[in-house]
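Here are my notes on the model you sent over. Have the coordinates open while you read, and check the points against them as you go.

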Amino acid sequence: MIEFDSKFHHSVGVAALALALLAAAPAARAADYDVGSIHISQPWSRATPKGASAGAGYMTITNTGNEPDRVTCVSSDASAECQIHTMTMDNGVMKMRPVEGGLEILPGQTVMLKPGGLHVMLLDLKHPLEAGSSMKATLKFDHAGTVDVEFPTAAIGAPAPGADAGGGSMMSGDHGGGMMMAPGGSMMQQKKQ
């Protein structure tokens, strides 16, 4: 029989309690934002590896008004430039392009910016996006106005808030290799060697 002194039992008990509380604690909830007839919910981003030059932000935008509006990303404290991008797959090649003229949100429409689809593209990162921190981006709507949105940063490869784990990541290389920027601003898949 192995015996442990009471200090060991106390340390193990405290560590187990701390882990249990951490696991039971809900994830930090991002704030919702309202500007004019636009409602923004669940903004978030994913951590980036050290040395990454690009990152992404996600959110849900709802137009509660009676006229269409367009959104563009004006600036971010984490990057030299930010844009709204669309992503498509074409013959196994991921292509990302800026949404020219801004992303239109029709009256009554809800648009999700999420991994693998529309997203806020952060170009020329000033520093890595780190899990547990946040970054801020300024969004401009043609009619509703301008709003600063804080994007809490989840771990690399984390699923969207409230989604099941295991969702793909446009930045993690889940499709058999890493991603790289191609001429013209599109992303290309690198095949595993």
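**Notes on the fold and its side-chain links**

1. Sequence separation comes up first: of the contacts in the chain (heavy atoms within 4.5 Å) between residues at least 6 apart in sequence, 64% join residues at least 24 apart. Keep in mind that this is a predicted model, where local features need pLDDT of at least 70 and side-chain atom pairs count only at pLDDT 80 or more, while totals for chains, interfaces and linings use all residues. Residues are numbered from 1 along each chain as its sequence is written, and side-chain values use heavy atoms, with hydrogens and water left out.

2. On secondary structure, the chain has one helix and 13 strands. These are DSSP runs numbered from the N terminus, with helices being H or I of at least four residues and strands being E of at least two. Along the sequence the pattern is α-β-β-β-β-β-β-β-β-β-β-β-β-β.

3. Now for the surface. The chain exposes about 10900 Å², and carbon and sulfur atoms supply 56% of that area; the areas come from the Shrake-Rupley method with a 1.4 Å probe, and for residues only the protein chains shown count as cover. Of the 193 residues in the chain, 36% are buried. Here buried means under 20% relative accessible area, exposed means over 50%, and partly exposed is in between (1.4 Å probe, protein chains only).

4. Have a look at the β5/β6 hairpin. Strand β5 (residues 79-90) pairs with strand β6 (residues 93-98) in the antiparallel sense over six bridges; two strands pair if DSSP finds at least two bridges between them. Two residues sit between β5 and β6, and N91 in the turn has a positive phi of about 55 degrees. D90 has V93 in β6 as its bridge partner.

5. D90 turns up again in the salt bridge. The structure holds one of these, defined as a side-chain nitrogen of Lys or Arg within 4 Å of a carboxyl oxygen of Asp or Glu. K95 forms it with D90, and the closest N and O atoms are 3.0 Å apart. Both ends are partly exposed: K95 has 26% relative accessibility, and D90 has 36%. As background, side chains of opposite charge can pair when their charged atoms come close.

6. M89 lies in strand β5 too. M89 is partly exposed, at 43% relative accessible area. Which residue is 28 residues away from M89 in sequence and 9.9 Å away in space? That's G117, with the distance taken C-alpha to C-alpha.

7. What about disulfides? The count is one, using cysteine sulfur atoms within 2.5 Å as the rule. C73 is joined to C82, S to S 2.0 Å, and the link is left-handed, with -90 degrees about the S-S bond. C73 is buried at 9% relative accessibility, and C82 is buried at 5%.

8. Last, aromatics: there is one pair. Rings of Phe, Tyr and Trp (its six-membered ring) pair if their centres lie within 6.5 Å, with planes under 30 degrees apart counted as stacked, over 60 as edge-to-face and the rest as tilted. The W44 and Y58 rings have centres 4.7 Å apart and planes at 40 degrees, so this pair is tilted. W44 lies in strand β2 (residues 38-46) and Y58 in strand β3 (residues 54-63), so the pair ties together parts that are 14 residues apart in sequence. Both W44 and Y58 are buried.
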